Amino acid sequence: NKNMGFEREQTLMVTMPGDSIGYKSVKNELLQLAGVKSASFMIEKPGKMVRTSGVWYEGAENDEGVNVYMFSGDTDLIETMGMTMKQGEYFKEGTQQFYREFVVNEKAIEYFGWKPEEAIGKLMDFGNRGDDPGKVIGVVKDFHFKHLNEEVDPLVMYLEPNYEGTLLALKLTSGDMSNTVDLIRARWSEIIPQYEFEYSFLDESFDALFDQEKRLGQIFSVFAVLAVFISCLGLFGLTSFTIEQRKKSVAVRKVLGATVVGIVGLVSKDFLKLVVLGMLIAAPVAYYAMNAWLSEFAYNVGFQWLVFIYAATASILVAFMTISYHSLKAATSNPVKSLREQ
């Protein structure tokens, strides 16, 4: 549910062929379809961006370049991906300043040691400083372009002259997604039938980054259910054994006027004490283990002690319901019959 800094919903990512097929004409054709709101080419998919390069920036220590993450998207990237410009402007349609204009994220400004209000117009170049370096024209609000295990890193964006063999992001309108995808596939087959239509939804591919965590959660859920079931079986058997031993004691209490509620509480309290003791032992271990696991993520929901109150309440209720069968049976049985037994 974390705000990623861009809109991943209703975004179709289409893999473009590596050959020269007139990528702009393909984009324009698909934009004419009902259900396609905007489109943008980009070199990598947000969530799996790994491309880095050395850049020189104004004010660099010893006038040497540094290695940072690089990303390139065409002039419609900001609109299509729902990103936000903090200041300055993004690349404009028709510009010929390829590799000469740069847009940086907020983290990059901090990393370069620039003051936010002075970032626009700062000089920058690929590798080491050239004779005629480019300049920063805009600052984009930080967005998460990698797994949430890591914090947002400094990012430098630039414009390329073409985007053959990259990705085409299509922002779809809300409605019948399946029908819209079928329309896109049909148009694709008309204009470039020699290439297979390969696509994925950005939200699904981003969610796939956390498949390991989902599988881990499922495994823990299965084992937790098994553990509770086995514990209940053991508690059920132990209660039966204990009640059988205390049958005459319970009968005497009933003869002397003890209520059903009083007898159930008497029988149950010893078992519930053990459940509470188990919780007191398990809680610190669980708290330490979960915090250690969550610390692997730069962004996480945290782990509150309130969780243990829920767990303790659920454990006591499950234990009580397991115990109550034999407790009620002993409390409502005929005391005379129990006292006559040898």
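This is a predicted model: local features need pLDDT of at least 70, side-chain atom pairs count only at pLDDT 80 or more; totals for chains, interfaces and linings use all residues.

User: Which side chain meets that of Glu190 in a salt bridge?

Analyst: A salt bridge is a side-chain nitrogen of Lys or Arg within 4 Å of a carboxyl oxygen of Asp or Glu. The partner of Glu190 is Arg187, at 3.4 Å from N to O. The two are three residues apart in helix H4 (residues 177-191), and therefore about one helical turn separates them. Helices (H or I, at least four residues) and strands (E, at least two) are DSSP runs, numbered from the N terminus.

User: How many salt bridges does the structure hold, and which residues do shared partners join into one network?

Analyst: There are 13 salt bridges. Shared partners join Lys27, Asp74 and Asp76 into one network. Within it, the side chains of Lys27 and Asp74 meet at 2.8 Å, N to O. This pair links distant parts of the chain, 47 residues apart: Lys27 belongs to helix H1 (residues 23-31), and Asp74 to the loop between strand S4 (66-72) and helix H2 (77-81). Both Lys27 and Asp74 are buried. Another salt bridge, between Glu150 and Lys146, has an N to O distance of 2.7 Å; Glu150 is partly exposed at 38% relative accessible area, whereas Lys146 is buried at 8%.

User: Which residues of H1 are buried, and where do they pack?

Analyst: The buried residues of H1 are Tyr23, Val26, Lys27 and Leu30. Seen down the helix axis, they fall within an arc of 100°, so they line one face of H1; the arc is that of the directions from the helix axis to the C-beta atoms. They pack against strand S2 (36-42), strand S10 (167-172) and H4, where contact means heavy atoms within 4.5 Å. H1 lies across S2 and S10 and runs at about 160° to S2. Axes are lines fitted to C-alpha atoms, for helices over the stretch in contact, and angles run from 0 to 180 degrees between N-to-C directions.

User: In what order do the strands S2, S10, S1 and S11 form their open sheet?

Analyst: Strands of a sheet pair through backbone hydrogen bonds, either parallel or antiparallel. Two strands count as paired if DSSP finds at least two bridges between them. In this case the order is S2-S10-S1-S11, with antiparallel pairing. S2 and strand S11 (199-201) stand at the edges with a single partner strand each, so one side of each has no neighbour in the sheet. The twist averages 25° from one strand to the next. Six bridges join antiparallel S2 and S10, and Val36 has Leu172 of S10 as its bridge partner.

User: Which strands pair with S8 in the antiparallel sense, and which runs parallel to S8?

Analyst: Strand S5 (residues 85-88) is antiparallel to S8 over three bridges, and strand S7 (residues 123-126) is antiparallel to S8 over two. Strand S6 (residues 101-105) runs parallel to S8, joined by five bridges. Val139 in S8 stands opposite Gln87 and is also the bridge partner of Val104. Six of the seven residues of S8 (residues 134-140) are buried, so the strand is largely enclosed by the rest of the structure.

Technical notes: Residues are numbered from 1 along each chain as its sequence is written. Side-chain values use heavy atoms; hydrogens and water are left out. Buried means under 20% relative accessible area, exposed over 50%, partly exposed in between (1.4 Å probe, protein chains only).
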